[in-house]
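This report describes salt bridges, helix faces, aromatic contacts and sheet pairing in one structure. The sequence and coordinates follow.

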Amino acid sequence: KTALSLKLADYLDHTDDGLTYDKCFMKADELVRAYKDKPRGSALLLDEAEMDADKYQSGSKSNRALRKIVSMGRVMEKYVIFNMPNIDFIDRDLQSLGHAWLSVECLGRARVHKMGYNKYKGQNRTPMPHRTFWNDLEDDRLLEIYSKLTDDKIDHIVGEGSEVELLRMDEAKEMARKEAEKAAMEKRNKLIAEFYETTSLTYAEIGDVVGLTGQRISDIVKEVG
């Protein structure tokens, strides 16, 4: 989801410098300050937004500030992207003020919802008009930003520059390694499913090629599809 967020932010940013690391944040107050200071046409990313936009703290200073720039700051023509594991993690008022919600289904594929609000029922509306697809990060500039954001997450987890000290550095690195393996597995499964759809090979024949059983290939195709 971070890779998708970076690509989207880079596409939306219309400044001469484009998306840069100093337009990406893990703290809401830093994003709010940048919203005031960055030039018109900038795209700003709040990575892991659930940390500072928790729905259980809707009255917090950070949530109020985020609602203000989303609802009143549009005249400044800047784009704000929130990245989180699940949309239900953040304040519902922020949800209702958003333009679009991209729900990641698997590596490289997401559902795109246009955000709306039914004022009669008091409910958010999220119809799904289409899907979007993206490839791995290839631009060196975006890869560098992604690497720095990953380091920021590890620092946050182990407590460097944070009041929270939950994990030792070796545990954090192991967690990052497992996440990388998970992403690679998802990419492999997507390629297997695409291969099955575009060839006449059976599950067993594809399994022989990639070293898996035919049953496992069948399960992967169903999971991805």
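A residue is called buried under 20% relative accessible area, exposed over 50%, and partly exposed in between. By that scale K148, with a relative accessible area of 33%, is partly exposed. The model is predicted, and every value below is computed from it.

**Salt bridges**

The structure holds 15 salt bridges. One of them joins K23 to D13, with 2.9 Å between the closest N and O atoms. Both K23 and D13 lie in the loop between α1 (2-12) and β1 (24-25), so the pair ties together parts that are 10 residues apart in sequence. K23 counts as buried because its relative accessibility is 4%. D13, at 7% relative accessibility, counts as buried.

Two further salt bridges lie within helices. In helix α2 (residues 28-37), D29 and R33 are 4 residues apart, about one turn of the helix. Their salt bridge has its closest N and O atoms 3.9 Å apart. D29 is partly exposed, at 40% relative accessibility, and R33 is partly exposed, at 47%.

In helix α5 (residues 140-158), E144 and K148 are 4 residues apart and therefore separated by about one helical turn. The N to O distance in the salt bridge between their side chains is 3.5 Å. E144 counts as partly exposed, with a relative accessibility of 46%. An α-helix has 3.6 residues a turn, so residues three or four places apart point the same way.

| Salt bridge | N to O distance | Relative accessibility |
|---|---|---|
| K23 and D13 | 2.9 Å | K23 4%, D13 7% |
| D29 and R33 | 3.9 Å | D29 40%, R33 47% |
| E144 and K148 | 3.5 Å | E144 46%, K148 33% |

Salt bridges also link K1, D47, E48 and K153 in a network.

Which residues of α2 are buried? They are A28, L31, V32, A34 and Y35. Seen down the axis of α2, these buried residues fall within an arc of 165°, so they line one face of the helix. K36 and D37 are exposed on the other side of α2.

K78 lies over the face of Y35, at 5.4 Å from the ring centre.

**Aromatic pairing**

How many aromatic pairs does a search of the whole structure find? The search finds 1. Y196 and Y203 form this pair, which is stacked, with 4.7 Å centre to centre and 20° between the planes. Planes under 30 degrees apart count as stacked, so the angle of 20° places the pair in that class. Y196 is partly exposed, with a relative accessible area of 25%. Y203 is likewise partly exposed, at 26%.

**The antiparallel sheet**

An open sheet of 3 strands has the order β4-β5-β8, with antiparallel pairing. β4 (100-106) and β8 (130-133) stand at the edges, each with a single partner strand, so one side of each has no neighbour in the sheet. From one strand to the next, the twist averages 35°.

β4 and β5 are joined in the antiparallel sense by 6 bridges, and W101 stands opposite H113 in β5. The hairpin of β4 and β5 has 2 residues between the strands, and in it G108 takes a positive phi near 90°. Strand β5 (residues 109-114) runs antiparallel to β8, and 4 bridges join the two. R109 has F133 as its bridge partner in β8.

**The parallel sheet**

Another open sheet of 3 strands has the order β1-β2-β3, and its pairing is parallel. β1 and β3 (79-82) are the edge strands, each pairing on one side only. Between β1 and strand β2 (residues 43-46) there are 2 bridges in the parallel sense. C24 stands opposite L45 in β2.

How values were computed: Residues are numbered from 1 along each chain as its sequence is written. This is a predicted model: local features need pLDDT of at least 70, side-chain atom pairs count only at pLDDT 80 or more; totals for chains, interfaces and linings use all residues. Side-chain values use heavy atoms; hydrogens and water are left out. Buried means under 20% relative accessible area, exposed over 50%, partly exposed in between (1.4 Å probe, protein chains only). The arc is that of the directions from the helix axis to the C-beta atoms. Rings of Phe, Tyr and Trp (its six-membered ring) pair if their centres lie within 6.5 Å; planes under 30 degrees apart count as stacked, over 60 as edge-to-face and the rest as tilted. A charge sits over a ring if NZ of Lys or CZ of Arg is within 6 Å of the ring centre and within 35 degrees of the ring normal. Two strands pair if DSSP finds at least two bridges between them. Axes are lines fitted to C-alpha atoms, for helices over the stretch in contact, and angles run from 0 to 180 degrees between N-to-C directions.
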